[in-house]
Structure formats: C-alpha cells, structure tokens
Amino acid sequence: MPARKPTKKPAAKAAARRATVSRVTKEVDVSVTLVLDGRGDATAKTGIPFFDHMLEQLGKHAGFDLAVKARGDLDVDSHHTVEDTGIAIGEALLQALGDKHGIRRFGNATIPLDEALVQVALDLSARPYLAHEVDARSKVIGSYDTRLTEEFLRALCQSAGATMHVRLLAGKNPHHIVEAEFKALARALGDAVAVVGGGLPSTKGKL
C-alpha cells in the first residue's frame, strides 16, 4: 500500500482583535465597540455633532470598525462626555491589542486639510504621555469646544498607555485644524496597530 501522506494541520486562526467597553459614571454613560482589523465602518452618537464627525473620521481613516454611543451631562458641559469617550476608546484599544505581539508599535502621520497641516507621532509603549502643541484659534465649533481635543487625546493616551506628540505645522481654520488632528491620529494609530510579525516589539520583553 502506498505510504499515507502526513495530514497537515489547519493553520490556527489569529484571535479577533476586538473589544467592547462600557463606562458609566454619575456624569456620563459611554459604550464603545472597536474592531482593529475592520473596514473603516464608524458610527458615533454622543450628542455633540462635530465630535461625532471627528470620531467617524478616526474609525474611517484608521481602518477600524468603531461604534460609540454616549449620554452625558451636556446641559452642564461637554467636557465629561468628550473625556470619558477618550477613556473608553483607549481602554478598548488596549484590550483589542491583547499581548501586542507582532504589532508595528510606532505610528507617524502628517496630514493636510486645505491650509492646515498636523503631525501625530505615537508609540504604543505602555507609557502614557501627551505633548499637544496645537492652537485651534477658536473656542467653539458648533457646540464643540476645541480645547476638548487635548482632553480627549490625553484621556486616550492615559487609558491606552500611549505616548503621543501632536504638532500644528500650519493652519488658520479651526475646523480644518481639529479635523486634521483626528485624521492624523487615525493614520498613525492604524499604522501602529498593524501586525507585521517579529514577536514583541520591545527589547525589554514587555510592553
């Protein structure tokens, strides 16, 4: 009888890199669903239309499937809603990354939007730090306080364990500046979470 050929074991499927996070406080109720290896399908309902638009830009340009729902004390201020949304997205990002084996870890993007030009460089290092050198030159876009962009990014960095530097290289229009920030963040994050192989990207043996 002819020798039987060894049976090949099917390759193990990579674990889905996704997370669902719920954050409830006396001030806000936020839920986030994040799929890192998505198609860029993003929806956001926070009660702050411009912020919703920015979150959808984040998911779209990072290639994430992102769904955000938030109910906050908008009658008081938008601060709690924006900050806690950043915390929840950062927690979802950290959970979805798992042990971080094989990721690129670093991301860097410089994005133009008409006259505005913004650079975001980041490291998924487990060392939270934000340097935010941006003046949006306006306090409010619609109902969105532009100063909350820094609060959103700081909250995301803290909960995701990311080092991030954001610089405004050029720009006059506040809408263009903030939108360029979110798009640059998206592209940098999309690159940083990409799986490129090679084990854990750290000489310390831990991230």
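User: How many cavities of 30 Å³ or more does the structure hold?
Analyst: One cavity of 30 Å³ or more turns up in this predicted model. A cavity here is a set of points, on a 1 Å grid over the protein atoms alone, where a 1.4 Å probe fits but cannot get out. Residue numbers start from 1 along each chain as its sequence is written. As this is a predicted model, local features need pLDDT of at least 70, side-chain atom pairs count only at pLDDT 80 or more, and totals for chains, interfaces and linings use all residues.

User: What volume does the largest cavity have?
Analyst: The largest cavity comes to about 60 Å³, where a volume is the space filled by probe spheres set on the points, and grid points are joined across faces, edges and corners.

User: And which residues line the largest cavity?
Analyst: Leu34, Leu58, Phe64, Leu66, Ile89, Leu93 and Leu189 do; a lining residue has an atom within 4 Å of a point. By class the lining has seven nonpolar, no polar and no charged residues. For those classes, Ala, Val, Leu, Ile, Met, Phe, Trp, Tyr, Cys and Pro count as nonpolar, Asp, Glu, Lys and Arg as charged, and the others, Gly among them, as polar.

User: Switching topic. How many helices and strands does the protein chain have?
Analyst: Four helices and ten strands. Both are DSSP runs numbered from the N terminus: helices are H or I with at least four residues, strands are E with at least two. Along the sequence the pattern reads β-β-β-α-β-α-β-β-β-β-β-α-β-α.

User: What box do the C-alpha atoms fill?
Analyst: Roughly 80 × 35 × 30 Å, taken along the principal axes.

User: What share of the 207 residues is buried?
Analyst: Buried residues make up 49% of the 207 in the protein chain. Buried means under 20% relative accessible area, with a 1.4 Å probe and protein chains only.

User: How many bridges between strand 2 and strand 4?
Analyst: Eight, in the antiparallel sense, joining strand 2 (residues 28-35) and strand 4 (residues 65-72). In that pairing, Val28 stands opposite Gly72 in strand 4.

User: What is Arg18 in contact with?
Analyst: Arg18 lies in strand 1. Leaving aside neighbours within four places in sequence, Arg18 is in contact with Thr33, Leu34, Val35 and Ala96. The C-alpha atoms of Arg18 and Leu93 are separated by 8.1 Å, though the two residues sit 75 residues apart along the chain.

User: Now the sheet with strand 5. What order is that?
Analyst: Four strands in the order 5-6-10-7, again an open sheet with mixed pairing. Strand 5 and strand 7 (129-133) are at the edges with a single partner strand each, so one side of each has no neighbour in the sheet. The twist averages 10° from one strand to the next.

User: How do strand 5 and strand 6 pair up?
Analyst: Strand 5 (residues 106-113) and strand 6 run antiparallel, joined by eight bridges. Phe106 stands opposite Asp123 in strand 6. The two strands form a hairpin with two residues between them, and Asp114 in the turn has a positive phi of about 55°.

User: Why is strand 6 largely enclosed?
Analyst: Because six of the eight residues of strand 6 (residues 116-123) are buried.

User: And which way does strand 7 run against strand 10?
Analyst: Parallel, over five bridges. Leu130 stands opposite Met164 in strand 10. Helix 3 (residues 148-160) packs on this sheet, touching strand 7 and strand 10.

Conventions. Side-chain values use heavy atoms; hydrogens and water are left out. On a 1 Å grid over the protein atoms alone, a cavity is a set of points where a 1.4 Å probe fits but cannot get out, and a pocket is an open set with protein on both sides within 12 Å along at least five of seven lines; lining residues have an atom within 4 Å of a point. Two strands pair if DSSP finds at least two bridges between them. Buried means under 20% relative accessible area, exposed over 50%, partly exposed in between (1.4 Å probe, protein chains only). Contact means heavy atoms within 4.5 Å. Axes are lines fitted to C-alpha atoms, for helices over the stretch in contact, and angles run from 0 to 180 degrees between N-to-C directions.
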